[in-house]
Amino acid sequence: MKGHRLVVLAVALAVLLNVSLIEVQTQTDPKTFVLGQVGFALTLPINPIIRRANPRATFWMFDSLVGYTQDMRPAGQLAERWEISPDGKTYTFYLRRNVKWHDGHPFTADDVVFTAETALDRKNASPSRRSYLIRGEPVKVEKIDAYTVRFHLPQPSFLFLFNMAGWNLIVPKHLLQGKDLQTAEFNSRPIGTGPFKFVEFRERQYIRMAANPDYFRGRPKLDGWITREIGDQSSALAALAKGEIDFMRVDNREGLETAKRFSGVKIYSYDAGWIFAFNMNHKASFFGDTRVRQALAYAFDRAQLVKTVVADLPVAWSLIGPPTSWAHNANVPRYPKDVAKARALLSEAGLRPADGVLQKDGKPFKFTVIIQSPTADDPESFAVALREAWKAIGVE
């Protein structure tokens, strides 16, 4: 698809920040889309019930019972609709009747039951197993008829519908029943229900897919999709510049600035719903005092921190749950930068300066930040910015 080049910049940041993605696009032959994948190795098995590998390709070949709307509300995918019992412990899914596996076999309730039972079987070590557990207890799945499935939960859980979405992809019973999931031929020649069908695989090189003409939502506008493994961002950017790939994700400001210089490239930004949060153990040291936690929040400017540390894309916000989500609550307390307020709260909590660091009962307020971010431009710079903000209020 030479000319339809896209770059996605994924960035997440700050003590509770929103994240934006950026796409870069050029216009060429729209028949085959080539994605440059950095950071995920293309390896076998291609079987979502036992391994979460090759994520982008897997999502195009398989479907889940439930999908998402733009505001992250559950929406029907393989399930056309569902009903929830008044006590919240029974979910009845009514499946679509016009869905076929890529080999032409009809999709039915048997596939859903098989997927759930296979995921729950400990011997399969399925990453989907936790989707079928409610506080450690397994759900029970029951086939009502060929197109109706009922799940019985040990207790109510508002997360269950979300568990049925995303990674919880449905696999075909007629191809996997009675097979060793670790060695099945299916792992190298997957059959799904998704908009694209498997064509070819070259380990650590690429996965090639073709449009599924029988997809229940209609044939894709693309004829083909290739996910190509590229070792690092620099190599991917070079491939983008040559028109060898159409899409990639950029994880830092430098990569974005490089992509901006390419001719025929367009950049788009959208909310990815990711967050980068500073978490405190409420049972440890001074963190058990609400005033201390509030003081740490008042010590810095979220928006400025984002601008300083990462590309100018994320929007600072104050709770887990992005503005695009149904779970977002705009009425939670906010903590704009207020150094005087931070110092006053720490004083109320009984901390007094000594040798340049606040102390209480002879114990200095010192702690270590462990920082991990796959998307921040420079995670260490983020940690340093926090350290300097807290140093200004007497915390080391």
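How many bridges link E10 and strand E11, and in which sense do they pair? The two strands pair in the antiparallel sense over five bridges. Welcome to these close-ups of a predicted model, in which local features need pLDDT of at least 70, side-chain atom pairs count only at pLDDT 80 or more, and totals for chains, interfaces and linings use all residues. Residues are numbered from 1 along each chain as its sequence is written, and side-chain values use heavy atoms, with hydrogens and water left out.

**View 1. An open sheet of four strands, ordered E6-E7-E11-E10.** The pairing is antiparallel (two strands pair if DSSP finds at least two bridges between them; strands are DSSP runs of E with at least two residues, and helices are H or I runs of at least four, numbered from the N terminus). At the edges lie E6 (79-84) and E10 (140-145), each pairing on one side only. On average, neighbouring strands are turned by 20° against each other, direction ignored. Across from Glu-142 you will find Arg-150 in E11.

**View 2. Helix H2 (residues 109-120) lies across E7 (90-95), E10 and E11.** H2 runs at about 170° to E10 (axes are lines fitted to C-alpha atoms, for helices over the stretch in contact, meaning heavy atoms within 4.5 Å; angles run from 0 to 180 degrees between N-to-C directions).

**View 3. Helix H5 (residues 233-241) and its buried residues.** Gln-233, Ala-236, Leu-237, Ala-239 and Leu-240 are buried (under 20% relative accessible area, 1.4 Å probe, protein chains only). They share the same side of H5, because they cover an arc of only 160° around the axis (taken from the directions from the helix axis to the C-beta atoms). After H5 comes Gly-243, with a positive phi near 80°.

Terms used. Buried means under 20% relative accessible area, exposed over 50%, partly exposed in between (1.4 Å probe, protein chains only).
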